[in-house]
Amino acid sequence: MNTALSRSASTALLRPAGILVLLAIGVAYPLVFTNAVATNDAIYTLIFMTWAVAWNAFSGYSGYISLGHAVFFGSGAYFTGIATVDWGWTGSKVFWLLPLAGLLGGAIAVPVGLLALRVRRHTFVVITIAFFFIFQLLAYNLQSITGGTSGLLEPPAATIGYAVATYNNPFYYVAFGLAVGTIAIAWLIRRSRFGLQLRAIRDDEDRARSLGVHAMRVKLGAFVFSAVPVAMVGGLWWYYTTIVDPASGFDPLNDVAIALMAFLGGLGTVAGPVLGALVIEPTYLTFQQQASYWYWMAYGALFLIIILLLPRGVIPTATEQFGKWRARWRGRGVHAAASPAAISDRAEDLA
Amino acid sequence: MAQAITDGILGGMVYALMAAGLTLIFGVMDIINIAQGILVILAAYLSYALSVHLHINPLLGLLITVPVMFVLGVTVEWAFLRRLRGRERTAMSLLVSYAVAVIIEGALYQVFGATPVAIQSSYANSSVHVPGFHLLFIHVAGFYLANIYLIGAGLAIAAFAVIYLTLYRTKFGRSIRATMQDKVAARLIGINVNRVAALTFGIGVAVTALGGMVYGVTNAFNPDSGYDLISRLLSIVILGGLGSIGGAMVAALFMVTAEEIVNLWQPNWATVVYYAVLVIVLLVKPVGLFGKREARAQ
């Protein structure tokens, strides 16, 4: 009892301190690494981190694997691009379009979710892929709005009015803010009754329903929530690159990369997709800068190795090992008596 | 219209075969092979390389490509898919087969480049003319049957016959069906489930050799074409009901014919037919046309 108390007291201090250190590193990063390549890689990493965390808050918590979230990313990108050019907005003002892009993403997610969430497992995966292709096809074919194959060609009236040396910084801080906000909400969801209902659906949907969980309402709520940040980073991504065409806005590789990030870190945990994005996106960007297609194969091979060697992800595996190690080290008391299953449950809650 | 319908039915047979491979793999192993699309393209490139470099007729080339694809399928199952365990096995099998697809795609880009190619052959552009005739009270205008479609449909029917006879007339086929019904029970009565899974995956991939040959003759293709194919094939197997070979055949014939008909007046929107039909059918019947109820359990 005594050990348990002191342990929770030490983690109660350690965790906020750790989070503060991470936040400080995040804020200081572009001030320390002023190199444009470093900030560019960081912006992409934060964009995909936000996407992975939001995706995980739906797919990881509920067990419904969506391979169609690029629908929201592309919609956010096209919306921001079209609105910026049409309304002639410039500079930092454009960032205020991102909440609107998020609303649009959420609004698209309602009908898509109502249709797709009627089916489960493989069928759900395939339906999300089908929606993905419908939206990509719309982007190709609605030429008067999207510019067809060539995408949105007209650049915004004036790019952001900052000095070249620190040009990336506003994008970095907006991406950082979106990532932090999304992680915070994903964490709150996981701790809430809503998050518990989602995990009950993941474990056994029919039993959850029989216990009074409104499965459709809960699933749809999580689906819509997860669409909003993805559409927002889609808009940010457009403003950063000022280019979007159907192939890059609706890119199937992104959908799978996101799932891989969550799997690498630990599906259904809060920290998992954050860690996954920090590992995978910089690796991908490094591979991408190589001229040949070998990077493509190396990426696929890396992908295979991760899934085969770490099927449960880094965070759950590491916390479980840590829990076992601590139980052995203390050697007695409640921890030693706890079954491995109880420890891994605890580990999952901590993560 | 008659042209579109016959093209749809003949072309649909080839898609039916590729989709049957996908749905067979699902039925036995409970996984979806996302790599099926790029495997078709790989087979098409194999036929292409054989005909360009060794001057082997694509039809004769099947004698080489079918065994090669079979061995590749068995290897992929043995090396990667067999290793997956646990609750997230389904999702992980999607990612593993996608990773295999990414590797193959990269290799194809590296070897053949991104420029689209097509397999040239004597029967690529030849066709048989069918004169107009009266069917009941409707006048059917004359139309052409492309030889390659006839050959493809013939081969697909032959392959279906082989698959059917294997499934329903051999001991191995019985063990496949037993594994589809209940994996644990099959293991208990002495069926080597791992061997069944590997061979089924091999068969499911081997049919892509045939599909790839026909696809390569009728379309210009590059490594990117795999995405187009897999999205069509997935729509077909879901519409037919996962695990149902007959369902895959009906769905393929329906989808490809519908696409050909829409293609007559709206070429840009023809492929949206696949997804629109899929969404509408699943609204009415979430397990697909011939799917089993169990497929819905989470």
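Of the 298 residues of chain B, 51% count as buried, where buried means 20 or more other C-beta atoms within 10 Å of the residue's own, exposed means 12 or fewer, partly exposed lies in between, and C-beta atoms are placed from the backbone. In chain A, buried residues make up 47% of 351. This is a predicted model, in which local features need pLDDT of at least 70, side-chain atom pairs count only at pLDDT 80 or more, and totals for chains, interfaces and linings use all residues. Residues are numbered from 1 along each chain as its sequence is written, while chains are lettered from A and ligands numbered from 1 in the order in which they are written.

**Confidence**

- The model has an ipTM of 0.76 and a pTM of 0.80.
- Chain A has a mean pLDDT of 81, with 86% of its residues at 70 or more; pLDDT is the predictor's confidence in each residue, from 0 to 100.
- Residues 1-5 of chain A stay under 50 in pLDDT, and the model gives them 3 contacts beyond four places in sequence; two residues are in contact if their C-beta atoms, placed from the backbone, lie within 7 Å.
- The pLDDT is also below 50 over residues 335-351 of chain A, a stretch with 29 contacts beyond near neighbours in sequence.
- Chain B averages a pLDDT of 81, and 88% of the residues score at least 70.
- In residues 294-298 of chain B the pLDDT stays under 50, and the model has 10 contacts there beyond four places in sequence.
- Where pLDDT is low, the predicted coordinates should not be read in detail.

**Chain make-up**

- Chain A contains 17 helices and 0 strands; helices (H or I, at least four residues) and strands (E, at least two) are DSSP runs, numbered from the N terminus.
- Chain B contains 11 helices and 4 strands.
- Among contacts in chain A with a separation of 6 or more, 79% are between residues 24 or more positions apart.
- For chain B, 74% of the contacts between residues at least 6 apart in sequence join residues at least 24 apart.

**Contact between chains A and B**

- The contact takes 38 residues from chain A and 39 residues from chain B.
- On the chain A side, α5 (121-141), α12 (252-265) and α14 (294-309) each supply at least two residues.
- Helix α5(A) gives the most to that side, with 12 residues.
- By class, the chain A side has 28 nonpolar, 6 polar and 4 charged residues; Ala, Val, Leu, Ile, Met, Phe, Trp, Tyr, Cys and Pro count as nonpolar, Asp, Glu, Lys and Arg as charged, and the others, Gly among them, as polar.

**Domains of chain A**

- Chain A is divided into domain 1 (1-32) and domain 2 (33-251), with bounds from an automatic or database domain assignment.
- The C-alpha centres of these two domains lie 29 Å apart.
- Between them, 4 residues of domain 1 are in contact with 7 residues of domain 2.
- The domain 1 side of this contact has 3 nonpolar residues, 1 polar and no charged.

**Nonpolar core**

- The largest nonpolar core has 201 residues, of which A:Ala175, A:Leu236, A:Leu260, B:Ala19 and B:Leu95 touch the most other members; such a core is a set of buried Ala, Val, Leu, Ile, Met, Phe, Trp, Tyr and Cys residues joined through C-beta atoms within 7 Å.
- Leaving out residues up to four places away in sequence, A:Ala175 touches A:Ile43, A:Leu46, A:Ile47 and A:Leu236.

**Individual residues and a helix**

- A:Phe73 lies in helix α3 (residues 70-87) of chain A and counts as buried because it has 30 C-beta neighbours inside 10 Å.
- Beyond four places in sequence, A:Phe73 touches residues including A:Trp51, A:Val230 and A:Asn254.
- A:Ala184 lies in helix α7 (residues 169-191) of chain A and is partly exposed because 13 other C-beta atoms lie within 10 Å.
- Helix α4 (residues 89-112) of chain B has 24 residues, which at 1.5 Å a residue should span 34 Å, and its end C-alpha atoms are 34 Å apart, which agrees; the expected span is 1.5 Å times one less than the number of residues.
- Helix α4(B) is mostly covered, with 17 of its 24 residues buried.
- After α4(B) comes B:Gly113, whose phi is positive, near 75°.
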